[in-house]
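Student: I would like to understand the words that are used to describe a protein model. Could we go through them slowly, setting each value against its definition?

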Amino acid sequence: MTAREKYDEIFVKVFEVDKSELGSGFNFADVEKWDSLSHLTLISELEDAFDIMFETDDILHFGGYDNGRKILARYGVAID
Amino acid sequence: MFLGIDRQNGSSLAMIDNEGYRLTYGETAALAAEAGRQVQKRSLIFLLCTNTVGSMLGYLGFVDAGAVPVTLNAHIDRELLRNLLEVYAPAYIWAPKAAAEEFPYAPVYETHGYVLLRTDSEIYPLHEDLQLCMTTSGSTGSPKLVRYKKGNLEANARNVAKAFGWTSAERAICDLGMQYTMGLNVINTHLYVGATVLLTTYNLMSADFWDYIRKERGTNFTGVPFSYDIFYRLRFERMDLPDLRTLSQGGGKLTDARFIQLAEYAQRTGKRFIPSFGTTETSARMACLPAELALTKTGSIGRAIPEGELFLIDENGQVLTDMEAEGEMCYKGPNVTMGYAVCKEDLSKGDEFKGVYRTGDLARRDADGCYYVTGRLSRFLKLLSYRVSLDQSERLIQQEFGIECACAGNDQRMNVYITDASKEKDVLDYIAGKTGLYKSLFKIYVVPGILRNDTGKIQYRVMDETYAG
């Protein structure tokens, strides 16, 4: 599985959405299911899947699908 | 006026929200009274709550006018909402502007982002002492309400404020929903002493939340155990929060490890950690542990708040008089509500609890009179006729492995939910060993997350339906 596939799969599972909904418009403010519990689950799943540990600031600013890709890039995970 | 809002210094700040509203006590009193004038006395009003100034103005004004609000989460499941509307036929709905559009009723009044709708239901008789109704925190999908009588909310606000030592200088971070008994109590308690409440709808895991509480200089925070799981996930102990002086907790039991972590953090940083205990049936809080005992009484909920009394009874209902004892925890005090309602006719009923509430929780009392909740009477399974406490099983597993866990199931089998797949086999061996029961009576499920409702309570029934159904 590619990193992108893994990344997408986690979003699909956590937010219970169809893969087609993911993209630049998939942001904290617009997704009703994006609350503190799903945020926590998302962060934990990503850390497990990519074997990384986020800094607090990155957790707090992990506000969307696209922005998450930029944050992951800083941990050496390229989501192409 | 309700909560003595008009007794406070009219120019001090009463409420701030993250939509940008800031109201003084003078403005709050005037605007709440105006909202109150829009409704008929002794009518039932559904409040679709958010932690905002608009939501609060309706609550304060309607209670003050003698109408009876039913507090509900604005994001309540729409099927449940339809069910509640059918069962209780409220005369009015107080809703955020966007949500108001869902209903086929004309708006009759609007302020601070909230709209009052007059439904087509007739006004029907409510008991003269009834002041407010709330859903029980445990119930999902049930129309069961708790009936509050006049005096409950103010008595609890007064006594909790005293127990916590709140003054008008506090700036309380109000993140727990106002539709939830403890969330509302945090707000009432601070308004009662003329302090400022910082209402917020921000998610605890967003930068917005932390920016807001820093900018508005929040001095105290009340959370449920899940709130503190998030705090530690964010390594909040490394954050610089100089204005934050008190951390309080309620709404379920912290693990001992978390309790100790918070007590030590508070000592190290010169802050206070105050665990507390309450239920919807007692208008929120019954007890709290004085901050100075947090380091020595791990897991304790402390003693009853002023004007209240905690006591223990045995299986025959006899009061246990020895100082050190264990039994069902009961509470007596002016914040005990009237009873339940499951239909609108129940809203004309009088006081059924009569000032005493049996919590259904098992508790231990130590030599200093401090209480420790040890389990729930009803959270037992009878596996092969052996009584097995689900709460205790959960805590044993959490403590042994340091992992998240939830135990549910039925008398045929206990379902153990964990999130750490590597511990699947060890957890099974351990819990079977601890209870001395066959492994086949337990089923371990590795799940992506423990499901909780928005107050942090584990949704056992939903987990069973989702994973073990």
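This is a predicted model: local features need pLDDT of at least 70, side-chain atom pairs count only at pLDDT 80 or more; totals for chains, interfaces and linings use all residues.

Student: What makes the pattern of chain A α-α-α-α?

Tutor: Helices (H or I, at least four residues) and strands (E, at least two) are DSSP runs, numbered from the N terminus. Chain A has four helices and zero strands, and reading along its sequence gives the pattern α-α-α-α.

Student: Why is chain A called as compact as a globular protein of its length?

Tutor: The radius of gyration is taken over C-alpha atoms, and the globule rule is 2.2 Å times the number of residues to the power 0.38. For the 80 residues of chain A the rule gives 12 Å, and the radius of gyration is 11 Å, which is close, so chain A is as compact as a globular protein of that length. Along the principal axes, its C-alpha atoms fill a box of roughly 30 × 25 × 20 Å.

Student: How do you know what the same rule says about chain B, and which elements does that chain have?

Tutor: Chain B has 12 helices and 26 strands. Its radius of gyration is 22 Å, close to the 23 Å that the globule rule gives for 469 residues, so chain B is as compact as a globular protein of that length. Its C-alpha atoms fill a box of roughly 65 × 50 × 45 Å, again taken along the principal axes.

Student: Why is Arg7(B) called exposed?

Tutor: A residue is buried if 20 or more other C-beta atoms lie within 10 Å of its own, exposed if 12 or fewer, and partly exposed in between, with C-beta atoms placed from the backbone. Arg7(B) has 12 other C-beta atoms within 10 Å, and it is therefore exposed. This residue is found in the segment before strand S1 (13-16) of chain B. By the definition of burial, 26% of the 80 residues of chain A count as buried, and buried residues make up 47% of the 469 residues in chain B.

Student: What makes one face of H1(A) the buried one?

Tutor: The buried residues in H1(A) are Tyr7(A), Ile10(A), Phe11(A) and Val14(A). Seen down the helix axis, they fall within an arc of 95° (the arc of the directions from the axis to the C-beta atoms), so they line one face of the helix. An α-helix has 3.6 residues a turn, so residues three or four places apart point the same way. The buried residues of H1(A) pack against helix H2 (36-50) and helix H4 (65-74) of chain A.

Student: Why is helix H5 (residues 152-164) of chain B called mostly covered?

Tutor: Of the 13 residues of H5(B), 10 are buried, among them Leu153(B), Val160(B) and Phe164(B). The helix is followed by Gly165(B), whose phi is positive, near 70°.

Student: What makes S24(B) and S25(B) a pair?

Tutor: Two strands pair if DSSP finds at least two bridges between them. Strand S24 (residues 405-410) and strand S25 (residues 413-418) of chain B are joined in the antiparallel sense over six bridges, and Ala408(B) stands opposite Asn415(B) in S25(B). The two strands form a hairpin with two residues between them.

Student: How many residues of each chain take part in the contact between them?

Tutor: Two residues are in contact if their C-beta atoms, placed from the backbone, lie within 7 Å. The contact takes 13 residues from chain B and 13 residues from chain A. On the side of chain B, helix H7 (207-215) and helix H8 (225-233) are the elements that give two or more residues.

Key:
Residues are numbered from 1 along each chain as its sequence is written. Chains are lettered from A and ligands numbered from 1 in the order in which they are written.
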